Amino acid sequence: MRIRGRTAVVTGASSGIGRAVAMHLARRGADVALVARRAEALEAAAGEIRAAHGVEVTAVAADITDPAGRAEVLKASGDVDILVTNAGGPPPGRWSD
């Protein structure tokens, strides 16, 4: 992947899949904007990624499903090259449903 120097926005980035994706993008040299609702967990993820990979990491504590939250993310992240939408998802249940 040729993403060194690109900017990625990853939603749901404070834990789980979102955090892992953000870490991987940073490992490849992308600057990342992390988005999640829980500020404390988000700052912890941002600190870990900064320390491990030395890329620019922006943490935005916002609800991406809210128009004001989306505006905040766009303002904080600048020009975006990569978008990983990892927020919400289907309700729990069987995958076949």
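Guide: Let's start at glycine 47, which counts as partly exposed because its relative accessibility is 31%; the scale here calls a residue buried under 20% relative accessible area, exposed over 50%, and partly exposed in between, with a 1.4 Å probe and protein chains only. Keep in mind that this is a predicted model, where local features need pLDDT of at least 70 and side-chain atom pairs count only at pLDDT 80 or more, while totals for chains, interfaces and linings use all residues. Residues are numbered from 1 along each chain as its sequence is written, and side-chain values use heavy atoms, with hydrogens and water left out.

Glycine 47 sits in helix α2; helices (H or I, at least four residues) and strands (E, at least two) are DSSP runs, numbered from the N terminus. From glycine 47 to glycine 29 you count 18 residues in sequence and 16 Å in space, C-alpha to C-alpha.

Now follow the chain around that helix. Together, β2, α2 and β3 form a β-α-β unit that is right-handed, meaning that, with the strands pointing away from the viewer, the path from the first strand over the helix to the second runs clockwise. The two strands of that unit, β2 and β3, run parallel and are joined by five bridges; a pair needs at least two DSSP bridges between the strands. Across that pairing, valine 35 stands opposite valine 60 in β3.

Threonine 11, which belongs to strand β1, stands opposite valine 35 in β2. Threonine 11 counts as buried because its relative accessibility is 3%. Leaving aside neighbours within four places in sequence, its contacts (heavy atoms within 4.5 Å) are Gly18, Val35, Ile64, Val84, Thr85, Asn86 and Ala87.

Threonine 7 is also in strand β1. With 17% relative accessibility, threonine 7 counts as buried too. Not counting residues up to four places away in sequence, threonine 7 touches Asp31, Ser77, Asp79, Val80, Asp81 and Ile82. Its opposite number in β2 is aspartate 31. The way from β1 to β2 leads through α1, and that β-α-β crossover is right-handed.

Step back to the whole sheet. The four strands make an open sheet in the order β3-β2-β1-β4, with parallel pairing. At the edges stand β3 (57-61) and β4 (82-84); each has a single partner strand, so one side of each is left without a neighbour in the sheet. On average, neighbouring strands are turned by 15° against each other, direction ignored; the axes behind such angles are lines fitted to C-alpha atoms, for helices over the stretch in contact, and angles run from 0 to 180 degrees between N-to-C directions.

α1 lies across β1, β2 and β4, at about 170° to β1. Helix α3 (residues 67-77) touches β1, β2 and β3, and its direction makes about 165° with that of β3.

What about the packing inside? As for β2, five of its six residues are buried, leaving the strand mostly covered. The largest nonpolar core has 19 residues, and those with the most contacts inside it are Leu25, Val32, Leu34, Ile49 and Val57. β1 (7-11), α1 (16-27), β2 (31-36) and α2 (39-53) each put at least two residues into this core. A second, separate core of six residues includes Ala33, Val35, Ala62 and Val73. Such a core is a set of buried Ala, Val, Leu, Ile, Met, Phe, Trp, Tyr and Cys residues joined through side-chain atoms within 4.5 Å.

Finally, the overall picture. The protein has three helices and four strands, following the pattern β-α-β-α-β-α-β along the sequence. Of contacts between residues at least 6 apart in sequence, 60% join residues at least 24 apart. Buried residues account for 34% of the 97 residues. The C-alpha atoms fill a box of roughly 40 × 30 × 25 Å along the principal axes. For 97 residues, a compact globule would have a radius of gyration near 13 Å, and the protein's 13 Å agrees with that; the radius is taken over C-alpha atoms, and the globule rule is 2.2 Å times the number of residues to the power 0.38.
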